[in-house]
Amino acid sequence: MRKLTDSKIVLASHNKGKLREIQVLLGPFGIECVSAGDLGLEEPEETETTFAGNARLKAHFAAKASGLPALSDDSGISVAALGGAPGVYTADWAETPNGRDFVLAMTRVWDKLETADAPHPRNAKFKCTLCLAWPDGHDEVFEGSAPGQVVWPMRGSHGFGFDPMFQPDGYDITFAEMLSEQKQPLDHRSNAFGKLVVGCLE
């Protein structure tokens, strides 16, 4: 497994919430992280049907465009009673003509569960795949998950995406009701990042 020796990498995302989380995770290793948006890079169309496929696509695009190692994250929420949906299409469920609306997406998920009269607890899992790619085409891929359930109504003002409706196993509050230092050890991104640390940073 290749070790990361660079002191600066690109996060292959325009998502400011993801950038904040990744910067916190990389900080202790002395690695500066800039976003693809900060560098004026476009976001490639996510045409793959798996988290790993999309993560690879985004990381290689950013690495080649920037000349720096690039870290991408493809993540989403999979709801058991919906056959794993929205899954890899999580962001698509939030798309509107005016940008992404996750309140709309969460409402859509809950409405589908209600229509299906899905039993409680309505088990769900956040999934994350990280891909670290180098400009020469090499990459390393790491997967993480966070089990829990979806709840209603939405609660909390922290976090982003589906956090206000996701209650992790063992807790009675949602990710959006947790401060970042409480959420971080539990979430799918940190789970995957821990594997990346072992593989590429230690």
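This is a friendly dialogue on reading some features of a predicted model.

User: Which basics should I know before I look at this model?

Analyst: The model is predicted, and local features need pLDDT of at least 70, side-chain atom pairs count only at pLDDT 80 or more, while totals for chains, interfaces and linings use all residues. Residues are numbered from 1 along each chain as its sequence is written, and side-chain values use heavy atoms, with hydrogens and water left out.

User: How do α1 and α5 cross, and at what angle?

Analyst: Helices (H or I, at least four residues) and strands (E, at least two) are DSSP runs, numbered from the N terminus. Axes are lines fitted to C-alpha atoms, for helices over the stretch in contact, and angles run from 0 to 180 degrees between N-to-C directions. Here the axes of α1 (residues 16-26) and α5 (residues 188-201) come within 11 Å, crossing at roughly 40°. Angles under 35 degrees count as roughly parallel, over 145 as roughly antiparallel, 65 to 115 as roughly perpendicular and the rest as oblique, and α1 and α5 are therefore oblique to each other.

User: Is the crossing of α1 and α5 left-handed or right-handed, and which residues make the contact?

Analyst: A crossing is left-handed if the near helix is turned anticlockwise from the far one by less than a right angle, and right-handed if clockwise. The one between α1 and α5 is right-handed. On the α1 side, the contact (heavy atoms within 4.5 Å) is made by Lys18, Glu21, Ile22, Leu25 and Leu26, and on the α5 side by Arg189, Ser190, Phe193 and Leu201. Ala, Val, Leu, Ile, Met, Phe, Trp, Tyr, Cys and Pro count as nonpolar, Asp, Glu, Lys and Arg as charged, and the others, Gly among them, as polar. By that scheme the residues of this contact divide into 5 nonpolar, 1 polar and 3 charged.

User: Is lysine 18 buried or exposed?

Analyst: Buried means under 20% relative accessible area, exposed over 50%, and partly exposed in between (1.4 Å probe, protein chains only). Lysine 18 lies in helix α1 and is buried, because its relative accessible area is 12%. Leaving aside residues up to four places away in sequence, lysine 18 touches Leu11, Ser13, Asp73, Ser75, Phe160 and Arg189.

User: How many residues does the largest nonpolar core have?

Analyst: In soluble globular proteins, nonpolar side chains tend to be buried together. A nonpolar core is a set of buried Ala, Val, Leu, Ile, Met, Phe, Trp, Tyr and Cys residues joined through side-chain atoms within 4.5 Å. The largest one here has 21 residues, and those with the most contacts inside it are Leu26, Phe193, Leu196 and Leu201. Two or more residues of this core come from each of β1 (8-11), α1, β6 (122-133) and α5, and α5 gives the most, with 6 residues. Phenylalanine 193 touches Leu25, Leu26, Phe29, Leu130 and Leu201, not counting residues up to four places away in sequence. A second, separate core of 20 residues includes Ala105, Leu113, Ala118 and Phe166.

User: What is the phi of aspartate 117?

Analyst: Aspartate 117 has a positive phi of about 50° although it is not a glycine. Its place is in the loop between α3 and β6. Aspartate 117 counts as exposed because its relative accessible area is 63%.

User: How far apart in space are valine 103 and proline 164?

Analyst: Valine 103 and proline 164 are 61 residues apart in sequence and 8.9 Å apart in space, C-alpha to C-alpha. Valine 103 is in helix α3 (residues 102-115), and its relative accessible area of 46% makes it partly exposed.
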